[in-house]
Amino acid sequence: MRKNLSQNWKAAIFYILIPVLLICAVLFMSNQNKRADVKYSEVVSQFTTNQVSEFELDLSSGLLRYKLFSDKKTDAPKTYTVPSVGYFIDDISDSVKEYNAANPDNQIVYNYKKGAGSSWLVSLLPTLLFGVLIVAMSIWAIRRMGNTIGNENNRALGFGKIKTKNSADDSDKTFEDVAGCEEEKDELEELVNFLKQPERYTQLGARIPKGVLLVGPPGTGKTLLAKAVAGEAGAPFLSISGSDFVEMYVGVGASRVRDLFEQAKKKAPAIVFIDEIDAVGRHRGTGMGGGNDEREQTLNQLLVEMDGFGTNSGVIVIAATNRPDVLDPALLRPGRFDRQITVNRPDTKGREDILKVHSRNKPLGPDVDLKEVAKDTIGFTGADLENLMNEAAILAVRNGKKAISAQNIADASSRVEMGTEKKSHKYSEKAKRLTAYHEAGHAVTSFYIEDYHPVKEVSIIPRGLGAGGYTWYTPQEENFESKLSMEKSLISLFGGRVAEALVLGDISTGASNDLQRATEICRDMVTKYGMSESVGPVVYDDGNGEVFLGRDYGKVNNYSDETSAKIDAEIERLMREAYGKTEAILQAHLDKLELVAQTLLDKEKINGETFMALMNGTAVQEAPADEPAEAETVAEEVAETPETEQ
């Protein structure tokens, strides 16, 4: 603590002293300028016109002190620094002689001082002092910067060096900490065995992959897998992000790549992990800078370093990305990244295993069944499940519980997926009624669609970003989506819009998101999946939804205007057809629509069991009320917009 205070004081003195010196220098120069404000001709004129009563001139420094007849006795003498003493004496000597001759009774009093021989040095001393101090402070600042090159907070002079993360921080990770990806762990087990016993592979002439690329959606555990490999093998783990290579200075990225692999070779056997490699490994020729682009130079150096490894140098490169489509093909060829491992979202068994890992240090109540939680969290990644258990633990603490209950997990799931309830937000009865019929339209339509996702919860309480209400489904686990399932989704999406038109006789902007998603589904069916009979089984969309600057900068459609018009007509046909089917369902079941909407207006939120009871005409089983403390203390935080928002 004292050391930090001392450094802070030194820094403060440095930043205070320099401005003070500069201010003093400015003031000094301004004083010099003030002395020079009096013109030489004016001083000589005062002598030639007999205004000077007495003067004293220092012959060495040129300092002139003089008084005028008009001055009072108490006035201080005027001062002026003569530029050239010799010329000045010549200019006033005749005037002084004439003055003496003309006024013998009122002689001018004058005195020529010889002065000190070193007075010129004394006059320059302040300027020299300021210059010496500024130079000394500059040298001190440069040395101070040089001594802190290795400091992570000040690497101003160490551009070409790369700072990898400390491998000791990740050495405690093992495959036991990774769940939900057993096949991926089996493939990486070979790397661990090679790092531990490389001779077993070299004796048979086997070559271990030089690079392994982990591909998958965000949050699936790619970085954790790489750390587990290093922990299992007990090898140094050099971790770096792809964005750390590229700086504004030309050549820095390539220099850092060389430095990274030099460090790895010194520590071999070692693992080099490059996270988000797409930041530096994108297709060459796609930047606006062409071949001289700094990022491309960095990629070229990376390709050279990976290709320059010895056959069994003991250095393995592991990289992670969720954008494999933008990587340069040269980076993916055998000899560089020999193996690609896809880390997908976990299935039900994988989610259960992940939940067990993240609940090790969390006490669970007797009503918690992780298998049921896994079934209810379809589509969650490992990061999502970790966040779910953390939110459930926070809710349990807020309610003063000693263990996490099933209700805590359910509430946390709704917060994670739908956002926090905004119960304090009040809106008019008209808006509330419109929202109730809109959400009831979604729910009732979905109920009458065969084999569609069951309704989990319907609410008209605002949640998340801009959602006046929501209809929450329990999705079914499917590896792919069929044409029939996509058509069912279209019918469900139109439920809210059709319900508004049928019951209220008007439509609102609340269905804008539904229409947008329905249009995207139709366009994908026609242009990407070849599901249109009129357009045919032809792909007109390469699946790259965003413009990749450079590669797609000058891209044009690879089909004619006639085909484009046919695509638009087919999208419109699919939309109108789905709208008609939705309208037919709700017109046939207006009584159910009215029942669900009125229940929502009374209760504001109904769960799946209550909804099924309403639709089946059975007695409604009231769900147990939420615990008051839990309902009142949930913090209002911004969360993701629900998928089925109004």
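Residues are termed buried when their relative accessible area is under 20%, exposed when it is over 50%, and partly exposed in between, for a 1.4 Å probe and protein chains only. The model is predicted: local features need pLDDT of at least 70 and side-chain atom pairs count only at pLDDT 80 or more, whereas totals for chains, interfaces and linings use all residues. Residues are numbered from 1 along each chain as its sequence is written, and side-chain values use heavy atoms, with hydrogens and water left out.

Helices (H or I, at least four residues) and strands (E, at least two) are DSSP runs, numbered from the N terminus. Helix α5 comprises the 15 residues 182-196 and reaches 21 Å from its first C-alpha to its last. This span is close to the 21 Å expected at 1.5 Å a residue, the expected span being 1.5 Å times one less than the number of residues. A bend of about 25 degrees occurs in α5 at Leu-188; the bend is the angle between axes fitted to the seven residues ending at a residue and the seven starting there. An α-helix has 3.6 residues a turn, so residues three or four places apart point the same way.

Strand β1 (residues 52-58) is mostly covered, with five of its seven residues buried. Two strands are taken to pair if DSSP finds at least two bridges between them. Five bridges join β1 to β2 (residues 63-68) in the antiparallel sense, with Val-52 opposite Leu-68 and Phe-55 opposite Tyr-66. These two strands form a hairpin with four residues between them, and Gly-62 in the turn has a positive phi of about 80 degrees. With β4 (residues 109-113), β1 runs parallel, again over five bridges; here Glu-56 stands opposite Asn-111. Strand β2 is in turn joined by four antiparallel bridges to β3 (residues 78-81), in which Tyr-80 is the bridge partner of Leu-64.

An open sheet of three strands has the order β11-β10-β12, with antiparallel pairing. Its edge strands, β11 (470-473) and β12 (605-607), each pair on one side only. The twist averages 10 degrees from one strand to the next; axes are lines fitted to C-alpha atoms, for helices over the stretch in contact, and angles run from 0 to 180 degrees between N-to-C directions. Three bridges link β10 (residues 455-459) to β12, and Glu-457 stands opposite Asn-607 in β12. Helix α20 (residues 590-603) packs on the sheet, touching β10 and β12, and its direction makes about 115 degrees with that of β12. Helix α14 (residues 406-418) lies across β10 and β11, running at about 115 degrees to β11.

Helix α20 is also among the elements against which the buried residues of α17 pack, together with α15 (429-447), α16 (483-493), α18 (512-527) and α19 (561-588). In α17 (residues 495-504), the buried residues are Gly-495, Gly-496, Arg-497, Val-498, Ala-499 and Glu-500. The helix is followed by Gly-505, whose phi is positive, near 70 degrees.

Technical notes. Contact = heavy atoms within 4.5 Å.
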